[in-house]
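Let's take a walk through a protein model together, one part at a time.

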Number of protein chains: 2
Amino acid sequence: MDLQAVNSMSYEQFLDIFGNIIEKCPIITAAVWSRRPFSSFGGVEDSVYDFIESLPISGKEGILRCHPDLAGRELTSGTLTMESQQEQRQAGLTSLSSREREILTLLNTQYKKKFGFPFVICAKMSVKEKIIEELNARLQNDPSIELLKGIDEVKKICHMRMEDILCKGSPMPTKL
Amino acid sequence: MDLQAVNSMSYEQFLDIFGNIIEKCPIITAAVWSRRPFSSFGGVEDSVYDFIESLPISGKEGILRCHPDLAGRELTSGTLTMESQQEQRQAGLTSLSSREREILTLLNTQYKKKFGFPFVICAKMSVKEKIIEELNARLQNDPSIELLKGIDEVKKICHMRMEDILCKGSPMPTKL
């Protein structure tokens, strides 16, 4: 993809392509469009991260709450976004044993009860066994630490989604 | 609906019901959940408005950019949210004459070109003739005024959507 072309996009075209780099938060992509022209694709990402950092704690918690559970109800009901579906499949979360599913459901429930937001991890950079291990470990953290960890993972997911879009010559619009 | 029940909701239940009171911005509802318990339903709305006001200008522009054009491509392609579909239908925007459609398309294009966000109006409180008149008039505003006007309309839409939810005993979850 050509940076010049991206800088010339209408906000609608920009949203069609980058609207879900932060899960179910097209407002962030839409806000970042105001920052054109970008001097690099990294500049798009940096603007997204700046916007996230400018949000109050409740806004950051809000971002996490827009994320689905791993191997949760959206996966079962087929209502995951295209990107989440792909990421969860790649990490092996669509082919769990019944024992793994049981453990993950239990840990997800404990995590949400403790923190008030879901466990977010860049699934594409991991595998199901490590994800369960990490969830178990992060469950011990303090809420303030876990908010930072979750937002760090959101940024990793954003980076991977940007790479995916840039690798494809002509990305498919995201259905939001 | 019972306020006590709302205050006891998980963030997932809260999002299922109130997730689209600001069009395609579930992050705002998700952030506001952190403010429980609410002492009234007005308190939910006030928290939403506080959150919007805390955003930088680009964030407010981002909210407007998450809104569809009136009688635009999402209406034609059937991809409007349930709420927008209903609001546009009630205002008569699904039954435009070809002349009205032509005028609206032209004015929408001029508006987006001038302001970099779509014309947002609480369609449910209006009718197509008045909407076209208002669009024509607001096209003359300065961008800073128009951002304020747009956000005011977002709040009116939010208020109407809240009323709709509260009038129904058991609201249908919004599909985001």
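This is a predicted model: local features need pLDDT of at least 70, side-chain atom pairs count only at pLDDT 80 or more; totals for chains, interfaces and linings use all residues.

A:Lys128 lies in helix α9 of chain A, which covers residues 128-138. Which residues touch A:Lys128, once its neighbours within four places in sequence are left aside? They are A:Ala91, A:Gly92, A:Leu93, A:Leu96 and A:Glu100. A:Thr76, in turn, is 52 residues from A:Lys128 in sequence and 17 Å from it in space, C-alpha to C-alpha.

The average pLDDT of chain A is 94, and 95% of its residues score at least 70. One stretch to treat with care is residues 170-176 of chain A, where the pLDDT is below 50. Beyond near neighbours in sequence, that stretch has twelve contacts in the model. For the complex, the predictor gives an ipTM of 0.93 and a pTM of 0.94.

**Two chains meet**

Now zoom out to see how the chains come together. On chain B, 24 residues are in contact with 24 residues of chain A. Three helices of chain B, α2 (11-18), α3 (26-32) and α5 (57-65), each supply at least two residues of the side that touches chain A. Which helix gives the most to this side of chain B? It is α5(B), with six residues. By type, the residues on the side of chain B that touches chain A are 14 nonpolar, six polar and four charged.

The same surface serves both copies, since 100% of the contact residues of chain B recur in chain A.

| Helix | Residues | Number of residues | Reach, first to last C-alpha | Expected at 1.5 Å a residue |
|---|---|---|---|---|
| α8 of chain A | 98-115 | 18 residues | 26 Å | 26 Å |
| α10 of chain B | 143-167 | 25 residues | 36 Å | 36 Å |

Just after α8(A), A:Gly116 takes a positive phi of about 75 degrees. In α10(B), the buried residues are B:Glu146, B:Gly150, B:Glu153, B:Val154, B:Ile157, B:Cys158, B:Arg161 and B:Ile165. What covers these buried residues of α10(B) includes α2, α4 (41-54), α5, α7 (82-90), α8 and α9 of chain B.

Chain B also has a loop between α8 (98-115) and α9 (128-138), and B:Met125 sits there. Is B:Met125 buried or partly exposed? It is partly exposed, because 16 other C-beta atoms lie within 10 Å. B:Met125 and B:Met160 are 35 residues apart in sequence and 8.9 Å apart in space, C-alpha to C-alpha.

Most residues other than glycine have a negative phi, and most peptide bonds are trans. With that in mind, look at the following places.

The peptide bond from A:Arg36 to A:Pro37 is cis, with omega near -5 degrees, and A:Pro37 is in the loop between α3 (26-32) and α4 (41-54) of chain A. In chain B, a cis peptide bond joins B:Arg36 and B:Pro37, with omega about -5 degrees. B:Pro37 is in the loop between α3 and α4 of chain B.

A:Lys24 is not a glycine, yet its phi is positive, near 55 degrees. This residue lies in the loop between α2 (11-18) and α3 of chain A. A:Lys24 counts as buried because it has 23 C-beta neighbours inside 10 Å.

B:Ala71 also has a positive phi, about 55 degrees, although it is not a glycine. Its place is in the loop between α5 and α6 (73-77) of chain B. B:Ala71 is buried, with 24 other C-beta atoms within 10 Å.

Definitions and conventions: Residues are numbered from 1 along each chain as its sequence is written. Chains are lettered from A and ligands numbered from 1 in the order in which they are written. Two residues are in contact if their C-beta atoms, placed from the backbone, lie within 7 Å. Helices (H or I, at least four residues) and strands (E, at least two) are DSSP runs, numbered from the N terminus. Ala, Val, Leu, Ile, Met, Phe, Trp, Tyr, Cys and Pro count as nonpolar, Asp, Glu, Lys and Arg as charged, and the others, Gly among them, as polar. pLDDT is the predictor's confidence in each residue, from 0 to 100. A residue is buried if 20 or more other C-beta atoms lie within 10 Å of its own, exposed if 12 or fewer, and partly exposed in between; C-beta atoms are placed from the backbone. The expected span of a helix is 1.5 Å times one less than its number of residues.
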